[in-house]
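Trainee: Can we go through this one together? I'd like to take it chain by chain.

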Amino acid sequence: MVEDKNIGHSGETPLLEVKDFSLIFRHYGKGLRERDLEVVRNFNLTIHEGEIVAVLGASGSGKSLLANAILGILPDNAVTSGTLNYKGAALTEKKQALLRGKEISLIPQSVNALDPLMKTGKQVRTMIARRNKKRVQQDIFKKVGLPDSAGDRYPFELSGGMARRVLISTSMAGNANLVIADEPTPGLDPAVLQETVGQMRRLADAGKGMMFITHDIEIALQIADKIAVFYEGETIEIAQAGDFSGKGERLRHPYTRALWRALPKNDFISLQPSAYSNSRKSGKPSLEIKGISYHYPNSSWLFKDLDLTVQPGEIVGVYGHSGSGKSTMAQVIAGYRTTLGGTVEIAGKTIPKKGRHPVQMVWQHPEKAINPRWRIKQTLQEAGEIDQKLLKTLGIRQDWLERWPSELSGGELQRFCLARAMTGDTEYLVADEITTMLDAVTQSQIWHSLIELADERGVGILAISHDYHLLERVCDRIIHFDDLK
Amino acid sequence: MNSSNMAKYIFGKILKLASLLAAISILSFLLVSLSPIDPVQSYIGADMTRVSPEQRENIEAYWGLDESPVQQYLSWGNAVLQGDLGTSLLYRSSVADVIGERFTASLALMALAWIISGIIGFVLGITAGMKEGSFVDKLIKGYCFTLASTPAFWLGLLMLMFFSVWLGWFPIGLGSPAGILEADVSLAERLRHLFLPALTLSVVGVANVALHTRQKLIEVLESEYVRFAMAKGERGFTLLWRHGLRNISLPAVSLHFASFGELFGGAVLAEQVFSYPGLGQAVVQAGLGSDVPLLLGIVLFTTLFVFTGNLLADLFYKVIDPRIRRGM
Amino acid sequence: MEGKITHNRRRRLHLNIRQRTAAAILFSSVILAGLIISGLLIDADAIGIDLESKNRAPSPDHLFGTDWLGRDMLMRTLKGLTLSLSVGVLAALSSAIIALTLSLLSSWNKTMDNIVTWMIDLFLSVPHIVTLILISFAAGGGFKGVVIGLALTHWPSLARLLRAEVLQLKGAEYVGVSERLGKSKIWIARHHFLPHLIPHLVVGFILLFPHAILHEAAITFLGFGLSAETPAIGIILSESMRYLSTGHWWLAFFPGFSLLLMVIIFDVLGRNIQKLIDPFHGQRI
């Protein structure tokens with residue numbers, strides 16, 4: 001049982017109160033038996049007016065379902081139990097239907113939440129009850145920094161960042177008391193992110209309550225007053241944002257503390273990379289990227305005449321915002337795309353197109369990079385014989401080998417992707433946002449093993465990320481992608 | 001769509017049609033020339049014994065049968081390019097005329113069935129999709145699956161037995177009553193002959209549209225934007241009207257246009273059962289009676305017909321869907 | 001004030017969906033097997049001419065009645081269904097093989113894919129029935145013409161489906177990784193594509209049956225397929241046309257209805273196997 005440490009609001013009726021809430025999905029396992037999958041259990045949370053409460057948990061942990069449960073729009077095979085109170089009264093199915101969009105509004109996670117065949121202005125206007133709908137909508141667009149013309153566009157004509165701002169606009173149009181924001185920030189560049197955080201803060205200061213669902217502890221700390229830590233379906237701790245300081249002495253649960261300490265800006269890894277100087281002496285050849293260029297058909301150059309050198313055993317960070325083209329660069333270097341000029345060379349020789357590529361790449365989403373129809377062992381064997389020492393370094397347990405990919409977590413799958421990429425005579429590794437989707441603790445463990453591997457095997461690593469703190473922690477040197485292109 | 005893209009699109013479509021027609025004509029000509037059926041014999045029929053070898057040779061020379069298949073194809077293809085599809089052996093008039101006349105009759109039948117089945121199918125699909133899993137849904141789904149498994153000609157036979165033989169409401173066959181000149185047949189009389197084949201064809205056509213519409217609506221109702229619309233407080237008929245219909249009508253109408261091939265297939269069978277003098281009946285007779293010029297002509301014509309349907313389906317998307325309209 | 005709510009959306013069912021699916025598969029397989037066995041056991045005597053009992057309406061002796069030659073319609077129907085089944089097997093099997101081969105070929109490169117797509121478009125550009133008439137005519141009628149015709153007209157829809165799957169797989173990250181690990185195209189086709197395509201192929205194969213059987217009956221009905229002596233459903237129905245006005249309704253009703261039932265059973269079989277194999281559909285309530 002978690003106790004809410006909020007003292008300031010103890011007298012008022014909270015806007016939203018969730019007590020011992022649990023959610024079960026009925027689904028089919030192997031064979032013909034039905035199974036119940038418990039996604040959320042014993043979830044507890046209170047939100048008062050003027051307060052932003054962050055729900056912090058790993059991606060895929062079922063946080064988004066909480067939002068749907070509060071709004072009463074869960075799919076049919078969900079079974080819920082526990083208490084949901086809004087302004088002190090029970091939130092029944094009937095009441096949810098009445099309050100949805102009027103008193104409780106949602107900022108959804110995905111830009112797919114916009115109707116593809118309706119102009120965005122109209123989609124926002126359906127939320128406005130007052131007269132002069134068009135005026136009101138245009139005012140809101142101005143507030144979130146959207147041009148007037150955006151209202152006459154269809155969602156596909158807007159960039160990801162603009163579409164997100166349209167989603168935020170809908171929640172402002174409704175004049176709701178409680179706003180549930182479901183991961184509204186990924187993919188926003190820092191300036192827009194600051195803007196968005198500011199918008200939300202203003203909404204809260206105007207007396208609204210907000211539930212902010214995220215996997216990113218740093219954003220949670222930036223925006224929220226209180227943070228509910230969600231781990232394996234449970235709230236393990238509800239802490240004030242201010243408790244996240246120093247070495248985390250004021251945090252009570254060991255996991256929360258580990259999460260805080262594992263942040264790149266805190267302890268992260270005590271081991272400092274020093275392998276670089278040793279390995280270079282071993283006389284291994286370096287990876288030389290000379291003047292590569294790329295653009296997609298019918299669009300402008302993503303990068304042109306890009307030069308980059310990675311030494312064996314060296315970890316080089318490439319920092320840039322999402323959508324800047326750094327992933328495309330990674331794919332060109334690892335041979336997934338053909339460069340439109342220039343070469344990628346090892347020991348002065350262009351890497352041949354056919355055969356095993358000496359530069360292997362690991363992707364952001366491990367579940368997409370693994371064949372779901374194979375046992376995980378088979379995935380490893382695709383790269384060659386299983387290297388037990390490698391598995392040990394990466395923290396892969398023997399009993400995982402016999403499992404199906406769907407039975408492993410994202411962090412576990414990513415370890416397998418790394419193991420596959422490192423098996424055999426891989427000389428360089430391109431790591432494209434490999435820990436972005438993982439929680440801080442797993443992130444720290446994975447980078448720990450990678451630094452060890454780079455040191456041991458003299459493998460050079462090109463680490464690509466939007467997280468500067470992370471790169472600072474793990475890399476020998478950092479290059480800004482904008483300087484490169 | 002700007003004009004240069006438009007030109008590119010039209011040019012692409014014309015090229016595609018030309019390549020299809022060329023390939024179809026070569027393939028079908030090849031198939032026809034492979035046939036073991038002797039065209040002269042099937043033309044003359046029982047009188048074959050009375051035809052002397054010289055007369056036979058004359059006929060063969062007249063039809064060009066003494067030339068090599070390649071030469072035959074080239075001279076036929078050349079004539080087709082000049083608009084001459086040859087002369088039908090069965091009807092003893094130009095193939096183009098036969099097709100024109102027969103197709104008009106078929107068109108009335110197919111258009112009627114196409115519109116009726118489209119409307120009923122769409123409504124049934126929406127009803128089922130809105131109430132997925134309910135009794136109504138199961139009823140409609142079961143009905144559609146049964147229809148999809150029903151031999152169209154058997155359904156026609158049953159209708160004929162029930163309405164024409166048993167109740168005597170409709171004539172047993174022929175597009176117009178026998179013994180009356182084509183021009184003298186009244187509209188009511190024509191409709192009476194059109195009714196049963198059109199009914200059969202519509203009943204069969206409903207299943208496809210209904211099932212597709214249902215599936216699409218279920219997908220749309222589960223989409224993130226409908227979930228979000230629900231979160232915004234929209235529900236019931238408003239939700240269906242604003243987000244449902246907008247997103248399902250496009251694929252449904254498009255699918256219906258793209259089903260001209262099946263529509264014609266159904267018409268062939270319906271016309272045969274009800275002795276309706278349309279193009280479908282003509283193709284059966286051409287096949288049975290070895291009327292090669294007519295058979296080839298109809299093959300080319302139906303290719304054009306199906307292509308038109310697909311083109312309309314494509315154009316419909318291009319004109320209506322903003323993602324394609326503005327994206328181009 | 002506080003309220004305790006439990007939203008229980010569980011439905012009370014004796015069998016869950018998976019179990020019902022498995023039961024449906026078992027049931028339809030048994031019926032189809034029974035049909036094949038009974039069809040094989042019927043010898044020529046059972047459908048022989050018996051002029052003493054001609055034109056009989058359905059009775060306990062002759063459940064489906066008899067025709068103008070006194071042949072038992074039930075026996076003729078069963079024999080006809082078995083025949084339809086064997087035509088269906090041949091046609092669906094060859095269609096499935098053509099579709100699989102072409103879809104794998106289309107994964108080779110862009111040019112190959114264009115050729116395959118063009119071929120699919122080509123075969124879909126003439127109505128099936130017209131193609132069937134043309135091919136039957138070319139083969140001079142008979143069993144061979146029907147099977148060739150059905151095989152050549154039914155592969156495109158399945159090939160289109162499989163090609164879409166291959167295309168999607170080709171873009172998958174794990175296939176890209178496999179290429180970068182130096183695996184050959186053939187290795188990838190065999191280890192990544194084929195295992196993924198097999199379930200689709202099995203379902204596609206079974207769902208082709210109903211179509212093939214219906215088209216077989218249709219083309220035979222039109223007079224192109226099997227010779228007039230064969231007890232095929234299409235022939236039985238086309239003969240029945242001559243006796244419609246005399247009120248011999250059973251000649252058309254029962255054979256057609258039996259065909260309808262068989263097609264439905266195949267459809268049920270295919271759809272349920274699809275539910276079991278395709279995890280996405282299997283999860284649906």
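Trainee: Which domains is chain A divided into?
Mentor: Keep in mind that the model is predicted. Chain A has domain 1, made of 16–103 + 176–261, and domain 2, covering 273–484.

Trainee: How far apart do the centres of domain 1 and domain 2 of chain A lie?
Mentor: Their C-alpha centres are 33 Å apart.

Trainee: Where is A:Met329 placed?
Mentor: A:Met329 is in helix H10 of chain A, residues 326–333.

Trainee: Buried or exposed? And why does A:Met329 count that way?
Mentor: A:Met329 counts as buried because it has 28 C-beta neighbours inside 10 Å, and the cut-off for buried is 20 or more.

Trainee: Which residues does A:Met329 touch, leaving out those up to four places away in sequence?
Mentor: A:Met329 touches A:Phe303 and A:Leu306. A:Asp432 is 103 residues from A:Met329 in sequence, and the C-alpha to C-alpha distance between the two is 9.9 Å.

Trainee: Now the contact of chain A with chain B. How many residues does each chain give?
Mentor: Chain A gives 22 residues and chain B gives 16 residues. On the chain A side, 13 are nonpolar, five are polar and four are charged.

Trainee: And chain C with chain B, how many residues are in contact?
Mentor: There, 36 residues of chain C meet 40 residues of chain B.

Trainee: Which elements of chain C give two or more residues to that side?
Mentor: Helix H3 (110–124), helix H4 (128–139), helix H7 (185–221) and helix H9 (250–277) of chain C. H4(C) gives the most, with eight residues. By class, the chain C side has 27 nonpolar, seven polar and two charged residues.

Trainee: Where does UniProt place the "transmembrane region" feature in chain C?
Mentor: The UniProt entry, which is unreviewed, puts it at residues 21–42, 83–106, 118–139, 193–213, 219–237 and 249–269 of chain C.

Trainee: What does the model show for residues 83–106 of chain C?
Mentor: That span is 100% helix and 0% strand, with its end C-alpha atoms 35 Å apart. Residues 193–213 of chain C are also 100% helix and 0% strand, and there the end C-alpha atoms lie 30 Å apart.

Trainee: Back to chain B. What should helix H4 of chain B span, at 1.5 Å a residue?
Mentor: Helix H4 of chain B has 13 residues, 69–81, so it should span 18 Å. Its end C-alpha atoms are 18 Å apart, which agrees.

Trainee: What comes just after H4(B)?
Mentor: B:Gly83, which takes a positive phi of about 90 degrees.

Methods. Residues are numbered from 1 along each chain as its sequence is written. Chains are lettered from A and ligands numbered from 1 in the order in which they are written. This is a predicted model: local features need pLDDT of at least 70, side-chain atom pairs count only at pLDDT 80 or more; totals for chains, interfaces and linings use all residues. Two residues are in contact if their C-beta atoms, placed from the backbone, lie within 7 Å. Ala, Val, Leu, Ile, Met, Phe, Trp, Tyr, Cys and Pro count as nonpolar, Asp, Glu, Lys and Arg as charged, and the others, Gly among them, as polar. UniProt positions are given in the numbering used here, feature names are shortened, and annotations may be inferred rather than shown by experiment. Helices (H or I, at least four residues) and strands (E, at least two) are DSSP runs, numbered from the N terminus. Domain bounds come from an automatic or database domain assignment. The expected span of a helix is 1.5 Å times one less than its number of residues. A residue is buried if 20 or more other C-beta atoms lie within 10 Å of its own, exposed if 12 or fewer, and partly exposed in between; C-beta atoms are placed from the backbone.
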